[in-house]
Amino acid sequence: MKLRTSWFFIGLFIVAATAVAQTTHVAARPFASNVVVPQSRAFASGATGAVEITAVDVGVVIVEQVATTTMDISLRNPTRGRLEAELLVPVPEGAVVRAFTFQGAASEPTAQLLTKEEARSTYERIVAKMRDPAILEFAGSDLVRSSVFPVEAHGTQKVRLSYEHLLPADGDRVDYVLPRSESLEVTVPWNVSVKIKSKTPISTVYSPSHMLDTTRGGDTSVSAKIAANAVTQPGAFRLSYLLERDGVTASLLAYPDPVNGGGYFLLLAGLPASPHRGSNALAIKREVTLVLDRSGSMQGDKLRQVREAALQIIAGLEDGEAFNIIAYNEAVEVFAARPLLKTDETEQKARAWLAGMTARGGTNIHDALLEALRQKPIEGTLPIVLFLTDGFPTIGQTSEITIRNVAMKANAHHRRVFTFGVGVDVNTPLLERIASETRATSTFVLPNEDVEVKVAQVFKRLYGPVLAGPRLELVGADGHSVPSRILDVLPGMLPDLFEGDQLVVLGRYVGEQPLSFAVSGNYLGRQRTFRFTFDLDGATTKNAFVPRLWASRKIALLIDAIRDLGADNGGRTALTDPKIKELVDEIIRLSTEFGILTEYTAFLATEGTDLAQRDEVLRQAMFNFQNRAMNTRQGLASVNQSENASFQRYQYNLNARNEYLDENMKRVAVTSVQQVNDLAFYQRGDRWIDSRVVNARSEPEPARVVRIDSNEFRALVEKLTAENRQGAVSLKGEVILSVDNEVILVTE
């Protein structure tokens, strides 16, 4: 934002003694007609109209653990009169304001930093005056309060605030948090970009809250920004980065479970920025087998695109890497008896062989897959298969279960089978399962998409294998495995790690003693083991994203199991199968508790659903799983399920709006379930009901009523703030929540 000469700098009081005196003065003065909280919204008093927040652009520069955050806030006055406004910005504890500017003149040119105790008093005054508790979700943060400034009629106002604070570090991990509202009603786009500079090389950058686009400026410099499709994602923006150590670097984020003991953990691991820097280890070479469908349905553009994709992949192989090609219809044809090293000669032969490939006949997936897995790989390489098909198996062995078992039982050489479904006439659960059983992923190419581009995108991610066949173990002081202290670890099979990859493992832990992990595998051509020990003293409810991400992945695992049961099911129905009933019952429990909904359980959030009627809810869910997850195995309505499953199975970031693709591949969201820290609330009329209440067999009546202008309410806010759950009372309308097993109704 360019500052014009008509803008002026407002003096800042950042010396401790001055700050205390000035804070008292600023906090006592009356509020303007509009109080702007960019992390949430504008609060207007009376009938004067409200200022609107149209956008917030945030630039963060982190140098050696010191973060400078600059917020550019765009405001608009939609009314015909001039409006007074002032700014309230929740900031991290210990922040120091460096600059504050805006357009126009001000009657009192001050910007004041309030401690969290003074901030809470300010919040309470706003709630009392405007009868709106929304701002209370920031109780516990320090606060910057500005002087009054005008927003002209039908005009705009630009405000810039810059503050600085020291970031907390935990071992090799440094954490940054930008406070923001969790409310689903807040849809103002936040464009956040971060530049990180460090003397120590940076291993990886991760956000559990938002999808990131990340670019490297070198080993010690990384830039990241919120992805374009996540700029309206609610909730605090969280970012962590790991400083590089020898080989794999790891850190642990933990959430305590006071009810069941132990808690939940998120293990974040990263690779060196330049894996081969200063290393004598040989890079792991790839051996790529292309398995290409040439059945009659592949005629025309599809076959041309597949041929170009194959040529592009072969050309992209490095010296010392190998390839083979298998083409199949009802029969299986092999380019070479065994994989060949890439040379100018073998590349030219492959080009000629592909040029002669024509499309006709049926689809023998079973034999093509078996041939790809049968070949003995070149020693010292990572064997990868890129398997393309545009249809159901129609020739030879067509049983989904039998073909699936090939990947599970006939893969003696541990090939990674990356599957590609071209078009919508493919068995999506089959392709997903083949991939997941072999440390790979599945990709689906819709009719209007280019096969060559999709295949190239996947192959690009497979550049530079660094850690192949990784395994994760919890070990004791003697180095031996101690599996009993961790449960439900997801993913169960760790993926191979390529250059630029990061690893996010979620699970539950038992006990309070430190956790010692061993990550082992083929690291740059030789077997290595990396050991990490983490204390659990830092476990905190502020890490509520950890159990929620775990629950999302767990639900995906259960859905996968149900979809698998739909293969060659021979008349099995969800309504009568006790195994399916058990899976669905657990999905409903987790979905309700954590507020995580899918296309199968979105009905839980609808107004007419009585969650206390568990049998009826279970019946509806089983009907949905029967018709969709089990019976729909091809077509667009199957592709959407696979895309949703893939996202959720490896979910790295929160999905606060419960967005998913419907059967027409349209993105939809559920807005009647609100996630608040580690709680979830369901909207019923003008009430938000705690999931711990709606999950009961019968919905209990509130034991007491707490009004927002009462001392009881202030005490409740104080208690919830200590638990990082203050956002529960900031929801619009009445709130029913459970506090120490007592059901309370919070109302105006």
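## Exercises on a predicted model

Strands β21 (residues 263-270) and β32 (residues 502-509) pair in the antiparallel sense over eight bridges. Strands count as paired if DSSP finds at least two bridges between them. Helices (H or I, at least four residues) and strands (E, at least two) are DSSP runs numbered from the N terminus. This is a predicted model: local features need pLDDT of at least 70 and side-chain atom pairs pLDDT 80 or more, while totals for chains, interfaces and linings use all residues. Residues are numbered from 1 along each chain as its sequence is written, and side-chain values use heavy atoms, without hydrogens and water.

### Exercise 1: the sheet and its helix

Solution: 
- Step 1. Pick a residue pair. Leucine 267 stands opposite valine 505 in β32.
- Step 2. Axes are lines fitted to C-alpha atoms, for helices over the stretch in contact; angles run from 0 to 180 degrees between N-to-C directions.

### Exercise 2: two crossing helices

Task: Describe how α9 meets α11 (residues 614-630).

Solution: 
- Step 1. Take distance and angle. The two axes come within 9 Å and cross at roughly 70°.
- Step 2. Classify the angle. α9 is therefore roughly perpendicular to α11, a class that covers 65 to 115 degrees.
- Step 3. Assign the hand. The crossing is right-handed: the near helix is turned clockwise from the far one by less than a right angle.
- Step 4. List the contact residues. α9 gives Ile559, Ile562, Arg563 and Leu565; α11 gives Phe625, Ala629 and Met630. Contact means heavy atoms within 4.5 Å.

### Exercise 3: an enclosed helix

Task: Explain why α7 (residues 428-436) is largely enclosed.

Solution: 
- Step 1. Set the cut-offs. Buried means under 20% relative accessible area, exposed over 50%, partly exposed in between (1.4 Å probe, protein chains only).
- Step 2. Apply them. Eight of the nine residues of α7 are buried, so the rest of the structure largely encloses the helix. Among the buried residues are Leu430, Glu432 and Arg433.
- Step 3. Check the helix start. A side-chain oxygen of asparagine 427 reaches to within 3.0 Å of the backbone nitrogen of leucine 430.

### Exercise 4: backbone exceptions

Task: Locate a cis peptide bond and two residues with positive phi.

Solution: 
- Step 1. Recall the rule. Most residues other than glycine have a negative phi, and most peptide bonds are trans.
- Step 2. Find the cis bond. It joins leucine 490 and proline 491, with omega about 0°. Proline 491 lies in the loop between β30 and β31 (497-498).
- Step 3. Take glutamine 65. Its phi is about 80°. It sits in the loop between β5 (52-63) and β6 (66-76) and is partly exposed, at 26% relative accessible area.
- Step 4. Take aspartate 740. Its phi is near 55°. It sits in the loop between β41 (734-739) and β42 (742-747) and is exposed, at 60%.

How values were computed:
A polar contact is a pair of N or O atoms within 3.5 Å; within protein, one must be able to donate a hydrogen and the other to accept it, and residues adjacent in sequence count only if both atoms are side-chain atoms. Angles under 35 degrees count as roughly parallel, over 145 as roughly antiparallel, 65 to 115 as roughly perpendicular and the rest as oblique.
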